[in-house]
Amino acid sequence: MKNLGNTNMKIKRVGFGGIPIQRITQEETNKVIDELVNQGINFIDTARGYTVSEEYIGNALVGRREKFYIATKSMSRNYEDMKKDIEISLKNLKTDYIDLYQIHNLKIEEYDTIFDDNKAYKALLEAQKEGKIKYIGITSHSLETIKKAVEDEKFATIQFPYNIVEDQADEVFKEANKKGIGTITMKPLAGGAIDDGALAIKYILSKEYIDVAIPGMNTIEQVKENVSIINNVTLTDKDNQKIEKIRKELSGNFCRRCEYCLPCPNNVNIPQNFLLEGYYTRYNLKEWALERYNALGESQASKCIECGICEERCPYNLPIREMLKNVCNKLENK
């Protein structure tokens, strides 16, 4: 158990990520939540954008709300929409308070405006004063955004991708930890690209400055596997050899969402295309991923003109043009 930053939330270092339960039933969700109780997992992370996730979790927590700290998040950026989302979350989760409410996937160009009078942060502060939420956090896929959040110290927690092949936030997490800002790592299995879940979690928890990893789980077996190593997080020589092998295997075609490839001269949102292909292929969230891919419009992979500028910028030498073609093959005309 560990405190999440300077909050009073004392949590198990493996939490529950609520994305994958979108593809199972309420009854199956109840069983997964039962297993969380059995394993002592007491931190749940979900989001308004995860379709039925909040509702399934809310129904499963009836009669045992006090066993869990609940985190959710909203993509709303303005005051009124955030107020509405907080109320919807409270209703869906069947609770009169939420422990951690996060601004979801904030981009750097949005950061400075989020604190204006007609923007989302004001709504969160009001909800906090009213006791509807306990703490305010931020999630992002932009390293620059998370750096800014740590510098400003306006958020109790930060949430960012971190795993064996995505460790670019290492120094930011260390700095956040020093300041007492809670550190939450999403995508601990690299969006399903890493098969060895126990090793992936062990790698993250071997870093003392990381408070909690939140793998997405939708089966009892996944819960058991992900919590199995929690009392033994010291990496062995054998573990380190496996870690290097995984890095080498994934290095050739794994997007770390560093965004150095942007801006694309034809406005293709390269990292977002790769992210949605991962949800479609590895998370098996086909309908959810397709809906978001179609919403990209002129930023879809099919708009690539193969100029190659992105590949010149990519620090990982990824074959981005070929990878975008793969996105088209998977997600176009479905």
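**Overall fold and selected sites**

A: Of the contacts in the protein (heavy atoms within 4.5 Å) between residues at least 6 apart in sequence, 75% join residues at least 24 apart. This is a predicted model, in which local features need pLDDT of at least 70, side-chain atom pairs count only at pLDDT 80 or more, and totals for chains, interfaces and linings use all residues. Residues are numbered from 1 along each chain as its sequence is written, and side-chain values use heavy atoms, with hydrogens and water left out.

Q: How many helices and strands does the protein have?
A: There are 14 helices and 10 strands. These are DSSP runs numbered from the N terminus: helices are H or I with at least four residues, strands are E with at least two.

Q: And what is the radius of gyration?
A: The protein has 19 Å, which agrees with the value near 20 Å that a compact globule of 334 residues would have. The radius is taken over C-alpha atoms, and the globule rule is 2.2 Å times the number of residues to the power 0.38. Along its principal axes, the C-alpha trace spans about 55 × 50 × 40 Å.

Q: What share of the residues counts as buried?
A: The share is 54% of the 334 residues. Buried means under 20% relative accessible area, exposed over 50%, and partly exposed in between, with a 1.4 Å probe and protein chains only.

Q: Changing topic: how much space lies in the largest pocket?
A: It holds about 780 Å³. On a 1 Å grid over the protein atoms alone, a pocket is an open set of points where a 1.4 Å probe fits, with protein on both sides within 12 Å along at least five of seven lines; lining residues have an atom within 4 Å of a point. Grid points are joined across faces, edges and corners, and the volume is the space filled by probe spheres set on the points.

Q: Staying with H12, what do its buried residues pack against?
A: They pack against H11 and helix H14 (320-331). The buried residues in question are Trp 288, Ala 289, Leu 290 and Tyr 293. H12 is followed by Gly 297, whose phi is positive, near 55°.

Q: Which peptide bond is cis?
A: The bond from Leu 262 to Pro 263 is cis, with omega near 0°. Pro 263 lies in the loop between helix H10 (237-250) and H11. Arg 257 lies in that loop between H10 and H11 too, and its phi is near 55°, a positive value in a residue other than glycine. Most residues other than glycine have a negative phi, and most peptide bonds are trans.

Q: Is Arg 257 buried or exposed?
A: Arg 257 counts as buried because its relative accessibility is 9%.

Q: Where is Thr 95?
A: Thr 95 is in the loop between helix H3 (79-92) and strand S6 (98-103). Lys 94 is found in the loop between H3 and S6 as well, with a positive phi near 55°. Thr 95 counts as buried, at 12% relative accessibility. A polar atom of its side chain lies 2.9 Å from the backbone oxygen of Tyr 97.

Q: Finally, is Glu 208 buried or exposed?
A: Glu 208 counts as exposed because its relative accessibility is 56%. Its place is in the loop between helix H8 (197-205) and strand S10 (212-213). Apart from neighbours within four places in sequence, Glu 208 is in contact with Lys 2, Arg 13 and Asn 177.

Technical notes: A polar contact is a pair of N or O atoms within 3.5 Å; within protein, one must be able to donate a hydrogen and the other to accept it, and residues adjacent in sequence count only if both atoms are side-chain atoms.
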